[in-house]
Amino acid sequence: QAFKPGVYARAVKMVLEAGSCPKIENGLGESGTQRLKARPFELTAVSFMTIGAEKSAVPWLVRLYLRDEKGNLVDQRAVDPRDGIWEGTERDTCLAQTEVQGASLRVTVECERAGGVPGPRVRREEFEYRISAGKIEWVSKPH
């Protein structure tokens, strides 16, 4: 539903063949979804991570979608390393997570650098968003 109104999921039993799972851009697969409801809106955060042992220039990605009570998309944003958030994360092992905290949605990205790569061994960033006047508002970048 975060991507298109009317989409739904239901449990089924079946044998999956290798390669039968869908992938999203750059070899990333969905790793988690969080929803923040503030009537008449719902803010959805979807995290994507590198699948399996594959390495990608985009090892993580978080998309934010704001929908009204009818399911219409009214705003969207992305927390994306390609926007200069973290240069060189393709050499890191990263985990992007989202969580609802009160009236805001927090995105946490934590990366562990490979041995021999200059810089701190562990890097952590947090980004906080909320719904304001029918838009996704960046609240702060906690340290």
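1. Leaving aside its neighbours within four places in sequence, which residues is Gln34 in contact with? They are Leu43, Thr44, Ala45, Thr98, Glu99, Val100 and Leu105, where contact means heavy atoms within 4.5 Å.

2. The model is predicted, so that local features need pLDDT of at least 70 and side-chain atom pairs count only at pLDDT 80 or more, while totals for chains, interfaces and linings use all residues. Residues are numbered from 1 along each chain as its sequence is written, and side-chain values use heavy atoms, with hydrogens and water left out.

3. Gln34 is found in strand S1 (residues 28-38), strands being DSSP runs of E of at least two residues, numbered from the N terminus. With a relative accessible area of 30%, Gln34 is partly exposed, that is, between buried (under 20%) and exposed (over 50%) for a 1.4 Å probe and protein chains only. Although ten residues separate Gln34 and Thr44 in sequence, their C-alpha atoms are 5.7 Å apart.

4. The largest nonpolar core has 19 residues, of which Leu43 and Trp60 touch the most other members; such a core is a set of buried Ala, Val, Leu, Ile, Met, Phe, Trp, Tyr and Cys residues joined through side-chain atoms within 4.5 Å. Strands S2 (41-50), S3 (60-67), S5 (92-101), S6 (104-113) and S7 (122-132) each supply at least two residues of this core. Apart from it lies another core, of six residues, among them Leu28, Val46, Leu61 and Tyr65.

5. Glu128, in strand S7, counts as buried at 14% relative accessibility. The side chains of Glu128 and Ser104 are joined by a polar contact of 2.9 Å, meaning a pair of N or O atoms within 3.5 Å, one able to donate a hydrogen and the other to accept it, with residues adjacent in sequence counting only if both atoms are side-chain atoms.

Note on methods:
Helix = DSSP H or I, 4+ residues; strand = E, 2+ residues; numbered from the N terminus.
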